[in-house]
Amino acid sequence: MYDYRTLILCASLLVDGDYYGMVDLISNGKEFVTKELLERAKNIKSKYITILDDDFPPILKEVYHPPMIIYYYGDISLLQDLKSNVAIIGSREPSTTVVINTVAIAKQVVTSGYNVVSGLAYGVDYHAQNTAVLNGGKAIAVLGGGIDNCYPKVNYKLYEEIKRTGLVISEYPENSEPKKDHFPYRNRLISALCDKIIVVEAKRHSGTSTTVAWALTNIYRDILCVPAPFGEDSLCNALIRDGCGCIATMEDLQDELPPKKS
């Protein structure tokens, strides 16, 4: 008989982190652990924490289908206090103006003492987390593929820097390939890990909208939006119309995120 950590780890490795596959393996009572799987488990590069561990971050138990295992590099204690974390999310193809806004917002967030959560994707994610690192802040990157598989590859240098100075996490082991349905599922973790979510730019039907949907319907996080010009297909404008916070100036951001006391 194996301990619970071994069972969860081996189940995750066997099905590449698929939640339903893990549930099926662990609940059906059939033996699935092999010598080969144990050897693979012994040689994983990353650290990991399971939902049954005493120090599993409480905020991850709030989400829909709480992850049974989180693989990580860096400082896992950054997940213990969601009020210290702010998600910055948005378009993968931002305009020059949106990049400038993202950099300014991220710099203010870390200067005020908060950590930046995002998905290490192209565009807004990259610029927000790169700005956090360049300004001495902490970034928390949530991957949609395996913990050892930086996607997109072009962000590898930033991925390595966040591993060293912040935190990289994933529900998926080793070099598991990111799949299309991983990213909406990944977004539920981004929404859970923070107290507030800043949407810099996004279309109404986009990947960003799935993060917002998780935040508004499952775990009830505050959404703050940068308004877009009149007439655009803007998720931000729609959210502001429906009552979410508006960040039109840096003063608005400072009101929403006052400096944390050291």
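Begin by selecting R188 and Y185: in this predicted model, R188 lies over the face of Y185, at 3.9 Å from the ring centre. Next, select K163 together with Y73, where the charged end of K163 sits over the ring of Y73, 4.1 Å from its centre.

From charges over rings, turn now to rings beside rings. A pair of aromatic rings is described by the distance of the centres and the angle of the planes. Counting ring pairs whose centres lie within 6.5 Å, there are four aromatic pairs here. Select Y19 and Y20, whose ring centres are 5.5 Å apart; their planes stand at 90 degrees, and because an angle over 60 counts as edge-to-face, this pair is edge-to-face. Are these two residues buried or exposed? Y19 counts as buried, because its relative accessibility of 17% is under 20%, whereas Y20 has a relative accessible area of 52% and is therefore exposed.

Finally, select Y151 and F183, whose ring centres lie 6.0 Å apart with the planes at 45 degrees, so that this pair is tilted. If you follow the chain, you will find that the pair links distant parts of it, 32 residues apart: Y151 is in the loop between β5 (139–142) and α6 (156–165), while F183 is in helix α7 (residues 182–192).

Methods
Residues numbered from 1 in each chain as written. Predicted model: local features only at pLDDT ≥ 70, side-chain atom pairs only at ≥ 80, totals over all residues. Heavy atoms only, no water. Phe/Tyr/Trp six-rings, centres within 6.5 Å; stacked < 30°, edge-to-face > 60°. Buried < 20%, exposed > 50% of the residue type's maximum accessible area, 1.4 Å probe, protein only. Helix = DSSP H or I, 4+ residues; strand = E, 2+ residues; numbered from the N terminus. Lys NZ or Arg CZ within 6 Å of the ring centre and 35° of its normal.
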